[in-house]
Structure formats: structure tokens, C-alpha cells
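Here are my notes on the two-chain model you passed along.

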Amino acid sequence: MRKKSVELTVLNPRGMVEAKSAFAPNPRVKDLAGKRVGLYSNGKPGMDNFYTVFEELLKKKYPTVTVKVLTGSFEITDKDAKDWSPQIDTFVYAVGD
Amino acid sequence: MPAVRSREISSAEFYKLRGEVKTVRPLAEGIFDALTSALTTPLTPQESSLEQDKKGGDDTPAEITVKAESYRVALEDFNQLYLDNRWGDGLPLIPPTPDAVKWMLSGTSRNPYEVLGTINPKHGIATIEKIAINAVMAGAKPEYLPVIIAAMEALADETFDDLHFLASAGSFNLLVVVSGPIAEEIGMEAGIGFMGHGWRANNTIGRAIRLATLNIGQTWPGINDMALTGRISPHTFITFSENTELSPWQPYHASRGFKADDSCVTVSPTHGESQLNHFYGGMIGTWTALGVLDRMVEDIVRTDRRGLFMWGTKGIGKYPGSGGGALNHLIVLFPELAAEFKKMGYDQPKLQDEIYQRTTIPYDEMNHAERKAIQTAMELGVIPADRKAVFQAALNPGAKVPVLISPENLHLFVAGGVPGCAFSFNYYRVPPYNQTSLITRLITGATLTKAGTTGVKSVPYGA
């Protein structure tokens with residue numbers, strides 16, 4: 001076996017990704033009756049269509065539920081989370097074109 | 001994130017059926033119980049545990065040593081390793097040795113550890129050093145580095161939407177235009193073939209930006225870069241410089257509030273499906289400035305009128321009109337054409353106004369849906385407050401309605417040789433996932449050129 005006489009030291013081109021603080025999830029709601037449900041998406045028409053049906057089904061099964069439609073980027077910003085959390089009890093996050 | 005409960009619909013089902021409420025209904029019905037159960041079933045101890053979420057960050061080493069029996073084999077092993085790690089672009093890379101990176105950093109006075117911001121989709125941290133590593137890999141020279149840094153600063157700007165063009169299924173691209181004296185000083189080609197191959201500065205500046213987005217943002221085709229067809233000019237984006245020598249006008253960046261003798265980089269995504277709209281010129285046929293202007297106007301009216309209905313929707317993201325409420329047009333004029341326009345009395349602002357006026361549509365010829373879209377756009381804020389009066393006045397019999405929000409949505413660059421061609425790209429005025437779709441950034445910190453030296457201070461690497 002030939003000796004490995006050449007050494008090439010190279011630097012890592014990747015950007016470091018900062019580990020985010022971990023938060024324990026809130027307890028789940030026991031049922032959805034009377035609850036405020038957030039439906040979050042990236043606002044594409046396909047998701048709007050899906051949520052239209054989902055909201056209809058929710059209100060049929062839980063007539064006292066209220067729905068808040070939320071849109072934004074793929075990631076929910078801290079600011080949006082702070083703004084929305086007092087307005088909802090639970091939420092669904094979905095992305096789809 | 002194990003604490004997040006996910007329930008999935010396959011993309012094969014969703015993409016086929018999502019187009020209408022009635023077609024997507026069975027999918028929503030099919031997953032309804034699973035979703036409501038996920039919302040209401042108590043968390044398990046494992047889900048409640050924080051320990052599982054403490055992993056994160058990037059544990060790849062800062063440097064790697066490749067050992068081989070010859071330099072040829074070491075180079076091949078290095079290239080394969082980087083590609084296997086998804087740190088390459090498919091073309092051979094220059095090894096970013098510490099010595100090569102130090103050499104690259106000699107082109108800037110900026111602190112190698114300075115953080116410019118983060119790049120989507122993984123929010124990788126863009127430092128001067130990481131950009132220099134990618135610039136070495138791309139084959140760039142140190143005098144190009146300040147240009148590459150300025151472009152990356154623009155992409156990392158907290159208002160700029162780099163997520164959409166880097167990740168969207170629509171195969172969007174990036175336009176990078178260098179303007180001002182640094183372009184000529186570092187040897188950027190602005191004449192015949194300026195968007196083509198053979199120009200080390202143009203090609204490696206573009207490639208360094210491409211590699212830096214790929215590696216710092218951590219994207220990969222089919223994983224989180226969902227560009228369905230990939231991109232034209234995939235290794236370099238679309239990178240060129242204005243032809244300052246032959247342009248009769250001030251450089252583009254002067255129209256953006258910079259001094260004419262500054263050196264700047266402008267970045268903007270471009271649409272994937274309509275890469276380039278050709279207005280002819282040069283050797284392709286006989287041309288007149290008015291004839292080219294007519295073709296521009298026809299193209300803008302056709303394109304923008306087709307998208308008028310989108311003005312009346314809320315937009316894709318959270319900003320009114322995002323991803324569809326009117327376009328920016330990035331128009332490249334060849335020097336002879338710009339000279340003809342100058343003879344006709346047009347500088348850039350006057351030509352912007354002329355095109356803006358010529359692309360208006362008679363109110364009386366608009367259909368009900370188009371009028372309603374404009375009206376709704378005013379109510380939703382898609383038309384910004386400072387342009388509302390213009391559109392209110394236009395929505396009347398006998399008036400003419402703009403298809404552009406403002407003349408400033410026409411960006412006029414002068415590039416190419418003699419003869420040349422005129423063409424344009426376009427993109428959303430407000431992008432889908434952030435506030436800004438176009439940024440012009442001052443080039444700073446250059447140490448090897450006369451231009452781009454603003455903000456020079458000496459910061460040694462490794463100190």
C-alpha cells in the first residue's frame with residue numbers, strides 16, 4: 001500500500017446554525033368546544049382551499065369553535081407568535097403550495 | 001422537533017387535488033380526525049421533555065484534512081467529500097486551505113468574524129470568513145471579495161426575501177448587477193457576451209454567491225431547494241456589470257440614492273418561468289429606439305395586465321400584495337439604445353416616467369374584474385397609501401389606469417457591447433415571505449482596488 005504522503009487541510013464552508021432555545025410544549029386542550037383555533041399557512045391558494053374545508057368541518061363538529069386564519073412565511077416569527085398567542089387556544093401549522 | 005405533532009398528506013395527493021375546495025375536500029375529511037386528535041390528546045412524557053430538543057446547531061468540524069498518496073488523488077477526494085457533504089455545486093472546487101482563505105481575505109479590510117446576518121432556509125450565519133471560504137472554492141480572486149460580500153450583505157438583510165428564490169418550486173433565479181468603477185477595475189466584462197462564459201470576475205463572483213447561499217443557508221435540490229427544473233445559469237446565478245464606459249447615463253445605483261462614483265451591487269430574484277423578455281436590437285434586425293420602447297411597453301402591458309387579478313387578493317404571505325400584487329421590471333438596455341434615448345431627451349427618471357405612462361390602460365377598456373381588482377387592492381393596502389390618489393383618479397371613465405404601482409418599479413441598467421440587445425427580467429414588487437425583493441448595497445472595505453474602499457479599517461485574520 002502506498003504511503004499517504006499528501007495532506008490537504010481545508011476549511012468548512014457551511015454557515016453555523018445557532019441552536020434555538022427549546023421550549024416545553026403547552027398542554028393540549030381537552031377538547032375543541034368553545035376554543036379559538038388558529039389555522040396557519042404560507043397563504044398559497046391550495047392551503048386556503050384545504051383550510052376552507054377544514055374550518056367547515058371544525059364548525060360542524062364543534063359549533064362553538066372560532067377560527068382565526070393566520071398567514072406568514074414558513075417560519076412563525078417571535079413577533080407573530082407573541083401577537084397571536086393571546087388570540088388563540090391551539091393551532092394547526094401547514095405549508096403547501 | 002419531536003414535540004411537534006405532524007400529520008401528513010402526501011404531496012402526490014395534495015398537489016393533484018388542492019386546486020379547488022371541492023377537489024381537496026376528501027383530503028381534509030380524511031385527515032380531520034387525526035388533526036383534531038393531535039390537538040386534544042394529552043402530551044406524552046416524551047413529548048413534554050425538553051431534553052430531546054437540546055440537540056441542534058452544526059457539529060461538522062471547522063477544518064478537515066484529506067490524506068492521499070498524491071495531490072491529484074487528494075484533490076479528487078476533497079471534491080468528492082465536499083459534494084457528498086452537499087458543500088459543492090457539482091463543478092470542481094478549489095480547495096479552501098487556510099492559506100488560500102487568508103489570501104482571499106487580503107481583499108477586504110473587514111473583520112473575518114463579522115456577522116452579516118443569516119441566510120435562509122436554515123438561517124446559517126454569514127460571516128466574512130465563511131464568504132471568503134466559498135469565494136476560494138468558486139475560484140474567485142481577492143479583489144472580487146468586496147463585491148461578493150456586498151451581495152451577501154444584501155441577501156442577508158433582515159428585510160430581504162432570500163427564502164423564496166432559494167427554495168420555491170417555481171425555479172426562481174437571482175440577478176446580481178455590479179455598477180460603478182470597481183467593475184472595470186476588477187475586470188468584469190460588460191461588453192459582448194457579458195452574461196456568458198469566459199469572464200473570470202463575472203463567473204466566479206456569481207459562483208461564490210451561489211456557493212455561499214448553498215453552504216451558508218444549507219440548501220440542496222429536492223431536500224429544501226424545491227426548484228422543480230433547477231435554474232438557468234445554475235452555478236453562477238445571473239451576474240454581470242453595467243457598462244459604465246459606454247453608458248451615456250449615470251450608473252443605476254445613482255437612481256437609488258448613491259453617489260455616481262460609488263461602487264454598488266444590486267440583487268433581485270427573477271421569475272423562473274419567464275427568465276428573459278427580449279426587445280431586440282443590435283445585429284438581430286434593424287431597430288429604432290421607439291421600436292424597442294414599443295416592444296417593452298407591449299411586454300409590460302401583456303405581462304402585468306394578465307396579473308392584475310392578483311392585485312385584488314391578499315397576497316401569499318403577510319404583507320399586502322406579497323407574491324403577486326404587481327411587478328418590478330429589471331430592464332437591461334444596450335449602450336447604443338441608451339445613447340439614442342439620451343438624444344431624445346431621456347435620462348433614467350424620464351424614461352421610467354415615459355414607460356409608466358405608456359403602459360397605462362384606458363379605464364373604458366378594462367373589464368369589471370380588472371377594475372374591481374384595483375379597487376380591492378386599494379382597500380387591502382396592496383396599493384400603498386402614497387400611490388392611492390393616483391389609482392383613485394385613474395378609476396374613472398376617460399382616465400388611464402397604471403399597470404405598475406410606480407415608475408420606480410422600472411429598473412434600468414445599461415450593459416452589453418456594440419451591438420447589443422435589450423431585454424428584461426421581472427419579479428414581484430413585494431416578495432412572498434419578506435418585505436423587500438430588491439436591494440442595492442454599497443461595496444465597502446476593498447483593499448486591492450481604488451474603488452469600493454469606503455469604510456476601510458485594518459482587521460487581521462486569525463488575530
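Predicted model: local features only at pLDDT ≥ 70, side-chain atom pairs only at ≥ 80, totals over all residues.

1. Let me start with the strands. β1(A) lines up with β1 of chain B, residues 63–68, as an antiparallel pair, and the pairing runs over six bridges.

2. How far can we trust chain A? Its mean pLDDT is 89, with 98% of the residues at 70 or more. Element by element, β1(A) comes out with the highest mean pLDDT, 96, whereas helix α2 of chain A (residues 78–84) has the lowest, at 89. So the strand from point 1 is also the element of chain A with the highest mean pLDDT.

3. Now the wider contact between the chains. It draws on 46 residues of chain A and 69 residues of chain B. On the chain A side, three elements each supply at least two residues: β1 (6–11), α1 (45–61) and β4 (90–93). Which of them gives the most? That would be α1(A), with seven residues. Sorted by class, the side of chain A that touches chain B has 20 nonpolar residues, 14 polar ones and 12 charged ones.

4. The overall shape of chain A deserves a comment in the text. Its radius of gyration is 22 Å, while a compact globule of 97 residues would sit near 13 Å. The C-alpha trace spans about 75 × 30 × 30 Å along the principal axes. Still, of the contacts in chain A with a separation of 6 or more, 75% join residues 24 or more positions apart.

5. Last, chain B. Its division gives domain 1 as residues 11–48 and domain 2 as 84–359 + 403–442. Taken over C-alpha atoms, the centres of these two domains of chain B are 40 Å apart. Note where the paired strand falls: β1(B) covers residues 63–68, and the domain bounds listed for chain B are 11–48 for domain 1 and 84–359 + 403–442 for domain 2.

Terms used: Residues numbered from 1 in each chain as written. Chains lettered and ligands numbered in written order. Contact = placed C-beta atoms within 7 Å. Helix = DSSP H or I, 4+ residues; strand = E, 2+ residues; numbered from the N terminus. Nonpolar A, V, L, I, M, F, W, Y, C, P; charged D, E, K, R; others polar. Pairing = 2+ DSSP bridges. Domains from an automatic or database assignment. pLDDT = per-residue confidence, 0-100. Rg over C-alpha atoms; globule rule 2.2 N^0.38 Å.
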